4 protein chains.
Amino acid sequence: MGARGSISATLVAGHAALMAGEASPVGLVTARPPFTEVELPTLDRLVFGGHEIRGGRLLDEARAVLTGCGLPGLAERHADALDAVDARIRPGIVRGGGAAIEALGEQKVAAGSDAEAVATIRRDIDAFRAEVGAETVVVVNVASTEPEMAPHPSWSDLAALRDAMQGQASVLPASALYAFAAFEGGDAYINFTPSTGSRIPALSALARARGAVHAGSDGKTGETLVKSVLSELFVRRNLNVLSWFGQNILGNMDGAILDNPANKATKVHSKDHLIARILGPDVESRVGIDYVRSLGETKIAWDHIHFEGFLGGRMSLQFVWSAADSLLAAPLVLDLVRLAAFAGARGEVGVLAALAPFFKDPMGTDEQRLISQDDGMLAWLRRAEPAR
Amino acid sequence: MGARGSISATLVAGHAALMAGEASPVGLVTARPPFTEVELPTLDRLVFGGHEIRGGRLLDEARAVLTGCGLPGLAERHADALDAVDARIRPGIVRGGGAAIEALGEQKVAAGSDAEAVATIRRDIDAFRAEVGAETVVVVNVASTEPEMAPHPSWSDLAALRDAMQGQASVLPASALYAFAAFEGGDAYINFTPSTGSRIPALSALARARGAVHAGSDGKTGETLVKSVLSELFVRRNLNVLSWFGQNILGNMDGAILDNPANKATKVHSKDHLIARILGPDVESRVGIDYVRSLGETKIAWDHIHFEGFLGGRMSLQFVWSAADSLLAAPLVLDLVRLAAFAGARGEVGVLAALAPFFKDPMGTDEQRLISQDDGMLAWLRRAEPAR
Amino acid sequence: MGARGSISATLVAGHAALMAGEASPVGLVTARPPFTEVELPTLDRLVFGGHEIRGGRLLDEARAVLTGCGLPGLAERHADALDAVDARIRPGIVRGGGAAIEALGEQKVAAGSDAEAVATIRRDIDAFRAEVGAETVVVVNVASTEPEMAPHPSWSDLAALRDAMQGQASVLPASALYAFAAFEGGDAYINFTPSTGSRIPALSALARARGAVHAGSDGKTGETLVKSVLSELFVRRNLNVLSWFGQNILGNMDGAILDNPANKATKVHSKDHLIARILGPDVESRVGIDYVRSLGETKIAWDHIHFEGFLGGRMSLQFVWSAADSLLAAPLVLDLVRLAAFAGARGEVGVLAALAPFFKDPMGTDEQRLISQDDGMLAWLRRAEPAR
Amino acid sequence: MGARGSISATLVAGHAALMAGEASPVGLVTARPPFTEVELPTLDRLVFGGHEIRGGRLLDEARAVLTGCGLPGLAERHADALDAVDARIRPGIVRGGGAAIEALGEQKVAAGSDAEAVATIRRDIDAFRAEVGAETVVVVNVASTEPEMAPHPSWSDLAALRDAMQGQASVLPASALYAFAAFEGGDAYINFTPSTGSRIPALSALARARGAVHAGSDGKTGETLVKSVLSELFVRRNLNVLSWFGQNILGNMDGAILDNPANKATKVHSKDHLIARILGPDVESRVGIDYVRSLGETKIAWDHIHFEGFLGGRMSLQFVWSAADSLLAAPLVLDLVRLAAFAGARGEVGVLAALAPFFKDPMGTDEQRLISQDDGMLAWLRRAEPAR
């Protein structure tokens with residue numbers, strides 16, 4: 001979902017570069033020990049396809065993104081791989097994306113009821129599986145952030161939800177329709193965005209019923225990643241954080257969509273609760289996101305942390321993060337696909353809370369501290385041999 | 001050692017403020033659970049004395065430091081407590097401090113041989129113990145940083161060292177003489193500076209022989225503290241740090257002494273090896289320290305971290321730390337005194353490697369990561385009941 | 001107007017400290033040559049009074065502000081001077097301040113029509129003049145920022161405005177009522193805020209008719225000040241600025257009021273047009289302001305400037321400004337009062353465009369570059385001898 | 001001098017790109033009005049040659065530098081232009097460059113006495129002039145920074161210097177030998193580095209005697225440029241700067257050479273006196289430069305400015321400059337060549353003090369403020385019609 005977006009394009013081109021031996025797997029969590037000592041699906045076995053509402057050519061998106069990341073020429077060198085994936089991209093479903101996302105939709109499917117939309121997605125997943133001979137399918141949401149949809153009464157019960165989805169009114173946003181379709185066939189679903197995705201009781205029930213795994217939400221790639229490490233310093237040293245102000249500026253499509261208040265609200269909500277979780281509810285905490293077109297693929301964040309030390313002395317820590325967000329996100333999606341497939345293969349079902357380190361708003365756990373999340377994931381990794 | 005310096009003055013005034021209920025124990029690691037669930041010596045049982053080579057009045061130093069930290073009036077409110085400690089401060093020993101430290105010495109003791117110097121210190125410790133009725137004595141080095149002294153052949157053997165110390169030539173710097181004197185009486189020694197202190201095999205042997213505990217070295221209060229947390233982010237995300245440049249500017253006495261190349265070299269050495277330990281030897285790493293008088297008690301550090309992500313994309317993280325160093329250091333010294341006493345009371349002997357989170361250059365371990373150090377300390381804390 | 005606010009309190013206490021020889025006139029533009037070579041009213045001849053809608057005591061505000069600026073004790077040392085001014089502060093008028101400002105009004109005057117409000121203000125000015133025996137009166141607006149009021153048709157014509165002001169409907173916001181009252185008596189008016197003030201054709205006509213001088217608007221004390229200097233660098237070097245993003249965080253009353261969208265909009269508008277004026281309309285420019293209570297009197301701004309150099313190479317300049325805004329503003333108000341009195345005394349009438357360097361949104365000129373504005377002011381200063 | 005260095009390579013490739021209409025003249029001061037209204041030599045009339053002590057190919061240097069500046073492919077597209085210049089580069093002279101520079105010298109000329117070295121240079125200049133049919137020759141020093149050479153007694157008198165140069169001992173560093181050679185033939189000399197160059201009384205006398213113009217020294221491209229604008233803010237607002245600390249990190253050849261203490265001292269001296277000139281001698285001022293290889297062509301500077309406002313309140317301004325230094329320097333060299341030729345053509349002789357805005361340590365003036373320097377240059381430009 002979002003298969004011609006900047007993360008997808010980076011992922012496909014980057015995977016091709018790794019396969020060609022042109023790049024080392026920097027930025028892939030699963031490329032470091034002890035992940036390398038566990039039987040994850042090897043990178044060469046991954047095959048990509050997807051849905052997209054925008055037109056255009058994957059190669060063009062990859063060229064634009066990678067040049068913007070300071071890597072000109074890379075996309076062109078892997079034009080064949082990009083075109084091969086492009087040929088497997090089908091028109092996408094738009095629901096509840098708000099005016100900003102609707103405007104992108106050049107090749108969206110007119111799907112009728114939610115149930116029909118799910119059937120369309122499901123058909124395309126099955127066709128993809130058959131075409132590439134996939135053993136396992138992992139559906140990943142890397143589309144633009146949706147506005148928050150008001151919960152529908154049917155969300156708490158699977159049967160009621162199925163009923164409601166027969167009607168003409170939209171009861172699920174697109175991010176949830178893809179989760180529904182994945183689970184319906186027992187396939188895994190990863191929500192790399194703050195959109196609703198599988199965070200609905202009825203969808204969790206469906207996943208468990210069909211033996212599917214899922215995880216989310218909102219990839220933790222930049223400012224929030226730094227926060228989730230740095231905040232521990234204050235806890236360990238018993239320093240009293242008074243306020244934590246963060247301002248993000250970014251220039252790509254992600255930023256352009258977030259320039260719409262409704263879409264931005266979803267994102268800010270996802271980013272902002274970490275501080276309260278780690279440092280307590282009394283800390284003043286604000287997160288801003290603004291679109292600055294000239295920055296292109298670069299995302300810059302300035303955070304100002306105001307804290308109190310011994311005897312009430314006031315001090316501060318500021319940081320400036322400057323990074324190519326797609327280059328940070330793409331390898332994490334590769335990691336998540338490998339880990340979801342691994343978990344499914346060893347018989348796990350439902351929410352994969354152990355994948356918390358990848359997400360700003362992790363499902364299945366309240367743990368927000370990166371090191372603790374990562375230690376938890378390493379323990380989970382070693383916990384048991386895959387059940388095959 | 002350094003009993004009229006900025007850390008001492010802050011510690012004594014701050015302790016009085018805590019006792020008066022005027023301040024909460026922000027910045028004291030031992031004030032948070034689970035430390036509060038263990039039988040550490042309570043703060044009201046601590047009594048302070050010490051050695052100092054500078055003249056002046058402790059109250060004046062406290063007034064200057066605390067006003068510089070934005071806390072005017074605090075020292076005056078606790079003038080009695082400061083004067084009471086001041087009355088217990090004895091003239092200090094200067095050895096191997098270099099010209100910069102020698103110049104401070106208004107009331108240094110002319111001690112003759114190193115053996116005589118140790119005897120003088122030892123006599124003063126015993127007098128202090130008798131005067132205040134102390135159960136346990138913990139000697140803490142919070143004096144200015146010494147230049148690095150070339151190791152003497154006798155350092156590797158206690159008997160040889162005792163012999164050499166009878167001569168008129170100086171074989172140990174002051175920081176080590178105080179450790180020697182502490183251990184000789186079975187007392188604990190904490191090296192809060194990068195000076196030599198107890199980092200000498202013969203001194204370790206002496207500590208073990210006399211049942212003394214010790215820990216060090218160089219309190220981790222600022223830039224290095226941030227480094228020891230932040231560097232993990234790159235490890236956990238498999239990002240490739242290319243260079244880590246840090247620049248410190250500071251304006252107090254500490255900075256004035258470090259403005260001398262020999263003294264600075266000791267400090268830079270202590271600060272600089274963390275990056276190699278956590279991120280590997282290939283990372284370019286530099287640390288600068290410069291004296292900027294106008295900053296007074298404020299210590300500011302700018303760090304620029306240059307790293308490589310997926311596909312070789314270049315990114316950066318910068319931070320600026322701005323803090324009153326004495327307010328960060330003083331509560332940690334209170335923590336260390338309590339923990340050293342606790343360890344001694346439950347029968348531990350020798351280097352307290354578990355106290356690693358407090359130090360830039362921890363003795364007894366190579367672990368430099370704050371979270372891991374702190375988790376290790378918490379495990380040590382709970383490991384066994386004190387042996388009484 | 002806003003006589004018990006943070007700027008007023010700082011100004012009165014600071015003036016007293018200058019008179020007592022306790023402080024040097026750092027931050028006063030008129031304390032440097034060539035201002036010192038011209039016959040400005042001397043500081044010792046200034047006497048303060050004013051209007052305020054909030055209750056409380058000026059001394060308490062001064063104590064809170066100055067302690068927040070790191071200057072405890074200063075207000076108390078000048079309690080007499082503060083109380084003497086306080087005794088001359090009368091209840092203020094609230095009009096068009098929006099809900100945020102209305103909520104502050106503990107002692108506002110119920111004034112009826114706009115005409116009656118002006119009469120009340122005028123009466124208080126005359127009483128002040130008589131009480132202190134003032135030769136010249138300068139009315140200064142240092143109250144909180146008003147939401148922008150939609151222009152009333154009568155604003156373009158003085159007679160029509162006078163008519164409209166007889167009705168019960170509010171046609172002028174408070175900032176303009178004070179200007180009207182000042183001009184009515186031939187007195188000077190300075191608008192140190194982005195509120196409407198005297199920026200209305202009918203008011204300009206009134207000022208000219210009565211021989212009054214006026215200037216504004218919005219004191220240039222912080223981020224915009226830096227911008228108005230730094231932007232020239234790019235012009236002089238023919239570098240192509242792509243985007244200029246600025247984010248302000250502040251914690252005082254000013255910030256709390258600006259936390260309301262309507263009041264903030266007025267401020268952002270005032271701050272944001274400088275970049276287009278100096279660097280051209282193609283530069284992406286955004287200014288954010290957020291309230292972070294813990295910062296108290298400190299105002300912090302982070303600006304990120306993205307520019308293009310030779311051959312299209314992308315580069316950046318960032319700055320972080322951290323300052324006590326009231327300490328920057330108060331001396332400028334003293335400067336403006338002196339310069340307005342000086343201009344009036346030498347026979348000038350109407351808008352004082354030469355005072356542009358003091359303002360973010362200068363009246364009477366489009367010049368936004370600090371150095372050019374300041375050079376212009378120096379030329380104006382020397383232009384002619386005062387007409388007495 | 002330094003014709004295969006990063007500035008030269010950027011300049012030659014960039015000039016070719018401009019000629020090809022591939023780039024706009026961003027970063028060229030002479031491309032903005034009023035320079036465009038004066039008869040400067042047009043860019044298409046410039047032809048390049050030079051001396052170099054390093055081997056290699058200009059195209060390779062250009063490729064490395066421009067790729068490092070984020071402009072891959074640019075050098076290759078102008079390989080012909082680069083190769084054509086390369087063919088005109090002759091082996092260079094090394095004198096007084098210190099061990100760091102000596103180590104670079106793969107094709108240095110064994111020149112014997114200083115007089116013979118000058119004769120060699122002069123011969124090559126004449127050959128260049130003849131080969132390309134140049135009307136005017138401007139010799140530019142863009143080589144690495146030399147250690148400071150102790151002044152020789154003969155420097156104050158041209159005849160004495162000529163005598164001394166006959167001996168085998170080196171009395172002039174290479175930067176001065178090139179100036180001597182240029183002047184000897186009446187040609188212009190520009191010192192874009194902090195090396196000695198033409199800053200010697202006897203050389204000034206020679207320039208005047210032969211009707212040559214010269215200017216220098218040390219191109220003002222980055223941190224110092226920002227300083228020379230920003231410092232005015234404090235002057236104009238009568239704010240009291242307490243300290244100004246600047247730290248530069250850079251990764252190219254320039255940085256590698258400056259990593260040698262002797263070469264660095266020359267540079268720091270050149271950068272550091274600006275603050276005292278603009279803000280007075282009481283300001284604490286320090287400048288650091290460190291080599292961080294991973295940064296490549298990017299030069300990053302962090303400056304911390306600590307200042308005092310009204311009533312002694314302490315505040316700060318920090319900036320971070322991040323730029324590709326060669327892209328900033330190269331167009332300025334084009335500017336200087338055009339302006340030197342222009343000045344010579346209209347009959348000027350000796351030091352061109354009006355070119356001060358280009359230099360960190362301008363010859364012929366004490367003015368360090370960019371805006372004033374630039375205003376002065378604009379006045380000079382318009383002052384008189386070229387004398388033809």
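How many residues of domain 1 of chain A are in contact with residues of domain 2 of chain A? This tour of a predicted model reaches that boundary after a view of the whole chain.

**Stop 1: chain A as a whole**

Select chain A and colour it by secondary structure. The chain holds 14 helices and ten strands. Its radius of gyration is 20 Å, close to the 21 Å that the globule rule gives for 388 residues, so chain A is as compact as a globular protein of that length. Turned along its principal axes, the C-alpha trace of chain A spans about 65 × 50 × 45 Å. Of the 388 residues in chain A, 63% are buried. Among contacts in chain A with a separation of 6 or more, 77% are between residues 24 or more positions apart.

**Stop 2: the two domains of chain A**

Next, select residues 6–219 together with 327–383 of chain A, which the domain assignment gives as domain 1, and then 223–325, which it gives as domain 2. The C-alpha centres of these two domains of chain A lie 25 Å apart. At their boundary, 25 residues of domain 1 of chain A are in contact with 26 residues of domain 2 of chain A, which settles the opening question. On the domain 1 side, select helices H2 (58–68), H5 (98–102), H13 (325–345) and H14 (370–383) of chain A; each supplies at least two residues of the side that touches domain 2. The residues of that side comprise eleven nonpolar, seven polar and seven charged.

**Stop 3: chain B against chain A**

Now display chain B beside chain A. A rotation of 180°, with 0.0 Å of shift along its axis, superposes chain B on chain A with an RMSD of 0.0 Å. The two copies are thus related as by a two-fold rotation axis. Within chain B, the C-alpha nearest that axis belongs to Phe319(B), at 2.0 Å from it.

The contact takes 48 residues from chain B and 48 residues from chain A. On the side of chain B that touches chain A, 30 residues are nonpolar, eleven polar and seven charged. Because 100% of the interface residues of chain B are also interface residues in chain A, the copies meet through the same surface.

Zoom in on strand S9 (residues 314–324) of chain A, which pairs with S9(B) in the antiparallel sense over seven bridges. Here Phe319(A) stands opposite Phe319(B).

**Stop 4: backbone details in the loops**

Most residues other than glycine have a negative phi, and most peptide bonds are trans. The following selections depart from that pattern.

- In chain C, select Gly216(C) and Ser217(C): the peptide bond between them is cis, with omega near -5°. Ser217(C) is found in the loop between strand S5 (213–216) and helix H10 (223–236) of chain C.
- In chain D, a cis peptide bond joins Gly216(D) and Ser217(D), with omega about 0°. Ser217(D) is found in the loop between strand S5 (213–216) and helix H10 (223–236) of chain D.
- In chain B, Asp218(B) has a positive phi, near 75°, and is placed in the loop between strand S5 (213–216) and H10 of chain B. Asp218(B) counts as buried because it has 23 C-beta neighbours inside 10 Å.
- Return to chain C for Leu311(C), whose phi is positive at about 65°. Leu311(C) lies in the loop between strand S8 (298–308) and strand S9 (314–324) of chain C, and with 26 C-beta neighbours inside 10 Å it counts as buried.

How values were computed
Residues are numbered from 1 along each chain as its sequence is written. Chains are lettered from A and ligands numbered from 1 in the order in which they are written. This is a predicted model: local features need pLDDT of at least 70, side-chain atom pairs count only at pLDDT 80 or more; totals for chains, interfaces and linings use all residues. Helices (H or I, at least four residues) and strands (E, at least two) are DSSP runs, numbered from the N terminus. The radius of gyration is taken over C-alpha atoms; the globule rule is 2.2 Å times the number of residues to the power 0.38. A residue is buried if 20 or more other C-beta atoms lie within 10 Å of its own, exposed if 12 or fewer, and partly exposed in between; C-beta atoms are placed from the backbone. Two residues are in contact if their C-beta atoms, placed from the backbone, lie within 7 Å. Domain bounds come from an automatic or database domain assignment. Ala, Val, Leu, Ile, Met, Phe, Trp, Tyr, Cys and Pro count as nonpolar, Asp, Glu, Lys and Arg as charged, and the others, Gly among them, as polar. Copies are superposed by least squares on the C-alpha atoms of residues with pLDDT of at least 70 in both. Two strands pair if DSSP finds at least two bridges between them.
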